[in-house]
Amino acid sequence: MKPMLLQFRQGQFIALTVFVAAVLGACAPIVPGSSREADVLSRYGTPTAQRALADGGKVLDFSGQPLGVENWRFTMSADGTVRSAEQLLDEAHFSRIRQGMTRDEVIGEIGLSAASETQRYPGLNEEALSWRYMEPGGRRYFFNAHFDASSGRLKHTSRTPDPVDNNVNTDSSP
C-alpha cells in the first residue's frame, strides 16, 4: 500500500513542478538580446499589428487597449531574437506626435487606440482617437488625438481623466 501512496505523491510532485515551471515561464520578463519571438508570443498572444523590416526582422505591436493602459512594440532580429521592447504610451512617444500628422502616422507612433470607432465632433469639424494610459503616480488618463475631419490631419492633442477605477492594476510589462 505504501508504494502506491508514494507513487501517487511523486506524480503529484511532478505535476506541480510542471505547473509551476509553466506559470513562471509565462511570467518571465522579455529581455532584448536573449528573449525570442516565441517568448513574446507566448506572453502576449497574437500581435495586433506587425510589419516586416528591410533587414529581415520584424516589428510586432501588442495593444492593451481598450481597457489596458499599455501598448507594447517588440522589434525582432531576422533570427527571431528580441532586438528591443518599448512601451508606446508614455511621454517620450506622446512628444513625437506633431500637428499635421495623419491618423496612420499617429497610430504608427503609439499603436492602436482605445476606441474601436473614431469619435466624431461635427460642430468642431473634428474626429478624435483616444488611448488609455497611466500617468506617473498611477492616475489613468486618455491621450486624445484630434484630427481635422476634412483633411484627416492632426489639429491638436489633449488629455482627459479616465472615469474607470484608477486603482486597477493593468501592468503587463515585459
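**Backbone and sheet**

Analyst: Asn-125 is partly exposed, with a relative accessible area of 30% (buried is under 20%, exposed over 50%, partly exposed in between; 1.4 Å probe, protein chains only). This is a predicted model: local features need pLDDT of at least 70, side-chain atom pairs count only at pLDDT 80 or more, and totals for chains, interfaces and linings use all residues. Residues are numbered from 1 along each chain as its sequence is written, and side-chain values use heavy atoms, with hydrogens and water left out.

User: What is the phi of Asn-125?

Analyst: Asn-125 sits in the loop between β5 (119–121) and β6 (126–134). Strands here are DSSP runs of E, at least two residues, and helices are runs of H or I, at least four, numbered from the N terminus. Asn-125 is not a glycine, yet its phi is positive, about 55°.

User: In what order do the 4 strands of the open sheet lie?

Analyst: Strands pair if DSSP finds at least two bridges between them. The pairing in this open sheet is antiparallel, and the order is β1-β2-β3-β4.

User: Which strands stand at the edges?

Analyst: An edge strand here has a single partner strand, so one side of it is left without a neighbour in the sheet. That applies to β1 (49–52) and β4 (82–87).

User: Which residue is the bridge partner of Leu-60 in β3?

Analyst: Antiparallel strands β2 (residues 58–63) and β3 (residues 71–76) are joined by 6 bridges. In β3, Leu-60 is partnered by Phe-74.

User: Which peptide bond is cis?

Analyst: Pro-66 lies in the loop between β2 and β3. With omega near 15°, the cis bond runs from Gln-65 to Pro-66.
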